[in-house]
Amino acid sequence: QVQLVESGGGLVQPGGSLRLSCAASGSIFSINSMGWYRQAPGKQREFFASVTSGGSTNYADSVKGRFTISRDNAKNTVYLQMNSLKPEDTAVYYCYANYRTIQGGGLFSAWGQGTQVTVSS
């Protein structure tokens, strides 16, 4: 079983910055992609950033130029640096990982528990 533990959410003023972390642990053989979704009140969960094991990144237009995703493969951890935050970035942020286990059996997905990010003055 694989667990993802997120940290770093909180309250920040518009224009401010936050850094989220998400660490994966458990019976992991390898992790393909890791990334982030978010869900604002009354809205569906939406994808906005991912990074492959080789370091290739993908961003939604809504965060390009403001957010930076990175990962430490040795620590099975993904990071999200968020700058120039806006009130519309307020949401619960969820990390995910697509991984293979030591036991084999294909590609699986795991999700973090979510961390609240609130952008408000």
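This is a predicted model: local features need pLDDT of at least 70, side-chain atom pairs count only at pLDDT 80 or more; totals for chains, interfaces and linings use all residues.

Residues are numbered from 1 along each chain as its sequence is written, and side-chain values use heavy atoms, with hydrogens and water left out.

**Exercise 1.** Classify the aromatic pair of Phe 48 and Phe 67 and locate both residues.

*Solution.* 
Step 1. Rings of Phe, Tyr and Trp (its six-membered ring) pair if their centres lie within 6.5 Å; planes under 30 degrees apart count as stacked, over 60 as edge-to-face and the rest as tilted. The structure holds seven such aromatic pairs.
Step 2. For Phe 48 and Phe 67, the centres are 5.9 Å apart and the planes make 75 degrees, so the pair is edge-to-face.
Step 3. Phe 48 belongs to strand S5 (residues 46-51) and Phe 67 to strand S7 (residues 67-72); the pair links distant parts of the chain, 19 residues apart. Strands (E, at least two residues) are DSSP runs, numbered from the N terminus.
Step 4. Buried means under 20% relative accessible area, exposed over 50%, partly exposed in between (1.4 Å probe, protein chains only). Phe 48, at 0%, is buried, and Phe 67, at 3%, is buried as well.

**Exercise 2.** Describe the pair of Tyr 96 and Trp 111, and state which rings the charged end of Arg 45 sits over.

*Solution.* 
Step 1. With 5.6 Å centre to centre and 45 degrees between the planes, the pair of Tyr 96 and Trp 111 is tilted.
Step 2. Tyr 96 lies in strand S9 (residues 91-101) and Trp 111 in strand S10 (residues 108-111), so the pair ties together parts 15 residues apart in sequence.
Step 3. Tyr 96 is buried at 9%, whereas Trp 111 is partly exposed at 40%.
Step 4. Ring pairs join Tyr 37, Phe 47, Tyr 96 and Trp 111 into a cluster.
Step 5. A charge sits over a ring if NZ of Lys or CZ of Arg is within 6 Å of the ring centre and within 35 degrees of the ring normal. The charged end of Arg 45 sits over the ring of Tyr 94, 3.7 Å from its centre, and over that of Trp 111, 5.0 Å from its centre.

**Exercise 3.** Determine where Asn 76 lies and whether its phi is positive or negative.

*Solution.* 
Step 1. Most residues other than glycine have a negative phi.
Step 2. Asn 76 has a positive phi, near 50 degrees.
Step 3. Asn 76 lies in the loop between S7 and strand S8 (77-82) and is partly exposed at 23%.

Methods:
Helices (H or I, at least four residues) and strands (E, at least two) are DSSP runs, numbered from the N terminus.
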